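Hi,

Here is the structure I promised to send over. Have a look at it first, and then read on for what I found.

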Amino acid sequence: QVQLVESGGGSVQTGGSLRLSCAASGLMYSTNCMAWFRQAPGKEREGVSATYPFGSPPDYADSVKGRFVISQDNAKNTVYLQMDNLRPDDTAMYYCAAGRGPWYCPIGPGRSDEYDFWGHGTQVTVSS
């Protein structure tokens, strides 16, 4: 049984930083791609970033490129999302999701249906 548990959310001011974590059981990050999504009130869930095993480069949404960095610690089976230079429009519930195997972790619009396993989310609030 796959379980994903996010942590690290909180409230920060514009320009601040947070690091989110997603700890997994029931699957191995070393052989499975993982993604971060976010959902603000009244908006669709949107992909933020995805990380792939075997050294493949990660993906980022245009809105977070240059500010967010995804990484993983296979020994701890944990994926991280380092978020710097946060803005009020980054405010959302952030979720991690497990892809269907090592290579399929789409983060384009409307792609959240491609994921079968989700965490419960961690709230990020950025004030101006």
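Cys33 has 0% relative accessibility, so with the cut-off for buried at under 20% it counts as buried. Keep in mind that this is a predicted model. The partner of Cys33 is Cys105, joined to it by a disulfide with an S to S distance of 2.1 Å. That link is right-handed, with 95° about the S-S bond. The two cysteines come from distant parts of the chain, 72 residues apart: Cys33 sits in the loop between E3 and E4 (34–39), and Cys105 in the loop between E9 and E10 (117–118). Cys105 counts as buried too, because its relative accessibility is 2%.

There are 2 disulfides by the distance rule. The other one runs from Cys22 to Cys96, S to S 1.9 Å, and is right-handed as well, with 50° about the S-S bond. Cys22 belongs to strand E3 (residues 18–25) and Cys96 to strand E9, so this pair ties together parts 74 residues apart in sequence. Both Cys22 and Cys96 are buried. Number the bonded cysteines in sequence order and you get the pairing 1-3, 2-4.

Now to E9 and its neighbour. Strand E9 (residues 92–98) runs antiparallel to E11, joined by 3 bridges, with Ala92 opposite Val124. E11 also pairs with E2 (residues 10–13), this time parallel and through 4 bridges; there, Ser11 stands opposite Thr125.

Cheers

Terms used: Residues numbered from 1 in each chain as written. Predicted model: local features only at pLDDT ≥ 70, side-chain atom pairs only at ≥ 80, totals over all residues. Heavy atoms only, no water. Pairing = 2+ DSSP bridges. Disulfide = S-S within 2.5 Å. Buried < 20%, exposed > 50% of the residue type's maximum accessible area, 1.4 Å probe, protein only.
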